[in-house]
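Dear colleague,

Please find the structure below, with the sequence alongside.

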Amino acid sequence: HPFFFDERNAMGLARNARHDGGSCDSGGHDSKCSECRDFDVCIVGGGPGGLAALSAVIEPYSMDHLSESQRQRAEYAAEKQKRRNPKVCVIDPEPWLNTWHKRFKALDIKWLRSPAGAHPDIFDMHSLLAFAHQQNREHDLLDSGAVNPELQSLAEVGRGLWKLPSNDLFEHFCSHLASCLPHSFVRGKAASIEGEDGDFRVILSDGRELTAKAVVLALGVPGPPVVPAALSAVPNTLMFHSDDLSWRGEELRKRKRVLVLGGGLTAVQVAQLALKKGCKVVLASRRPLTTRHFDIGEAWFDWRKAHLHHFEFFQKPLEERLKHIKATRGGGSVPPMYMKELCENKRLTFKCGEVQVASVHEDSVDVLIDGEAHHFDLIVNACGHRPDCKQLPLIGELLKTMPVEVVGGFPQLSPDLQWGNFKQLFIIGSLASLQVGPDAGNLMGLRRAVQIVANALDLRAWLRDTKSVLGNIRGNRYDALGDSDSAESAESADTADSDSDSD
């Protein structure tokens with residue numbers, strides 16, 4: 001699709017060039033930012049969610065929400081304006097996407113599960129494809145077979161947005177994106193948040209304080225790791241959670257008998273890793289493995305149906321939304337390409353049933369799986385995380401000083417993802433599931449969430465500037481001409497056009 005790459009993606013690449021050299025930190029620490037303590041926006045979390053939030057705050061507009069004519073006018077207006085970028089800091093104990101990098105490296109994951117249109121660059125959904133094209137890395141885009149005949153007619157399919165990017169491509173893309181977006185990166189752990197809208201204080205665990213007019217929390221997992229009650233007697237020396245693979249992965253050694261618990265993709269990835277290291281592996285789940293390309297059904301990624309799914313979700317009361325999330329996600333699933341590899345590997349044993357610990361020895365564990373006895377040297381718990389925001393230290397502190405209702409472990413937020421009565425304190429990621437939907441924790445859900453935040457902060461208001469004809473990108477462009485019948489009659493048509501294109 002030469003036109004697609006040459007025309008539309010050129011805008012994304014030009015945007016990157018415009019931002020080049022503007023970052024206070026592109027992975028390390030910049031001395032010029034060491035004294036910065038006062039910001040317009042403070043983002044807590046340096047993962048994909050934090051990067052998406054940074055992109056949404058810095059970018060003057062998103063091409064995905066504008067028609068073709070609006071994009072051209074927005075590009076022209078943005079170049080003419082002397083817009084001051086918000087002063088933004090990102091707080092995390094580790095560099096950008098460090099947890100993501102360590103996890104993917106530890107599990108030896110080559111391909112992302114999310115499609116190429118799901119990434120942290122809010123300026124343009126197509127920019128990851130443009131980056132791959134620019135870097136001559138189209139081979140890092142995989143056709144996973146997710147496109148069925150019903151989806152084949154989507155223009156996004158022809159453009160490659162449903163292909164899966166390699167993790168190496170994704171990480172390089174995110175590193176480049178972070179280097180292009182002006183911000184200060186503060187290495188540290190946020191311990192508490194105090195203050196009010198327009199004057200928040202983010203207090204770090206080492207006593208440092210940062211002030212910000214607005215705060216966005218992008219904390220990743222919604223709660224602590226799940227530890228099945230039946231395994232509570234197993235000591236840490238004989239069992240660890242899949243989160244700890246980056247530093248305990250060396251315990252998966254040749255000829256070790258390993259039990260992997262879980263019924264989702266992570267459990268399968270752990271089992272495959274153990275097999276590569278020569279272990280004898282049993283993968284145990286309470287239910288049969290479910291095959292699905294993405295963590296939720298393909299229909300949630302199809303814009304022709306996604307709006308209906310979201311509408312139905314938001315019509316439900318909170319308790320029903322919680323049930324809807326559980327039903328949609330289904331407790332974990334495995335993409336077909338992984339399932340095929342599992343079926344072909346004769347050294348893996350799969351067991352379906354309840355697990356009980358029969359006895360614990362000094363260096364091994366006897367386990368009953370559906371009543372059948374097994375002997376293991378090591379157990380890897382890959383059962384995920386349970387939603388319990390009270391167990392997250394920063395959220396726990398927030399609940400003490402700024403309490404909100406908690407439903408099923410998730411905080412109840414406003415439709416604009418605001419905490420309690422605050423207008424400039426936001427939550428994104430899995431913790432916002434009740435207000436975003438079942439996809440809140442994946443890359444596509446993060447894109448929608450940060451767009452909500454940007455709009456709530458009024459960062460897109462300039463697109464409806466009625467003081468000038470050319471500056472009124474999304475509103476009625478004739479308002480600036482005065483109070484006339486033609487202006488009045490044109491308003492509904494122009495607004496309707498932009499709203500339909502934004503879908």
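**Findings**

The order 13-14-15 describes an open sheet of three strands, paired in the antiparallel sense. Strands (E, at least two residues) and helices (H or I, at least four) are DSSP runs, numbered from the N terminus, and two strands pair if DSSP finds at least two bridges between them. At the edges stand strand 13 (355-360) and strand 15 (372-376), each of which pairs on one side only. From one strand to the next, the twist averages 30°; axes are lines fitted to C-alpha atoms, for helices over the stretch in contact, and angles run from 0 to 180 degrees between N-to-C directions.

Within this sheet, five bridges link strand 13 to strand 14 (residues 365-369) in the antiparallel sense. Ile369 in strand 14 is the bridge partner of Val355.

As to provenance, this is a predicted model, in which local features need pLDDT of at least 70 and side-chain atom pairs count only at pLDDT 80 or more, while totals for chains, interfaces and linings use all residues. Residues are numbered from 1 along each chain as its sequence is written, and side-chain values use heavy atoms, with hydrogens and water left out.

A further open sheet has five strands in the order 9-16-10-11-12, with parallel pairing. Strand 9 (239-241) and strand 12 (348-352) each have a single partner strand, so one side of each is left without a neighbour in the sheet. The twist here averages 20° from one strand to the next. Strand 10 (residues 257-261) runs parallel to strand 16 (residues 378-381), and four bridges join them. Val260 stands opposite Val380 in strand 16.

Helix 9 (residues 265-276) lies across strand 10, strand 11 (280-285), strand 12 and strand 16, and runs at about 170° to strand 11. Contact here means heavy atoms within 4.5 Å.

Helix 9 also packs with helix 12 (residues 336-344), at an angle of about 40° and with the axes 11 Å apart. That makes helix 9 oblique to helix 12; angles under 35 degrees count as roughly parallel, over 145 as roughly antiparallel, 65 to 115 as roughly perpendicular and the rest as oblique. In this contact, Leu265, Val268, Gln269 and Gln272 of helix 9 meet Tyr338, Glu341 and Leu342 of helix 12. By class, the contact of helix 9 with helix 12 has four nonpolar, two polar and one charged residues (Ala, Val, Leu, Ile, Met, Phe, Trp, Tyr, Cys and Pro count as nonpolar, Asp, Glu, Lys and Arg as charged, and the others, Gly among them, as polar).

With kind regards
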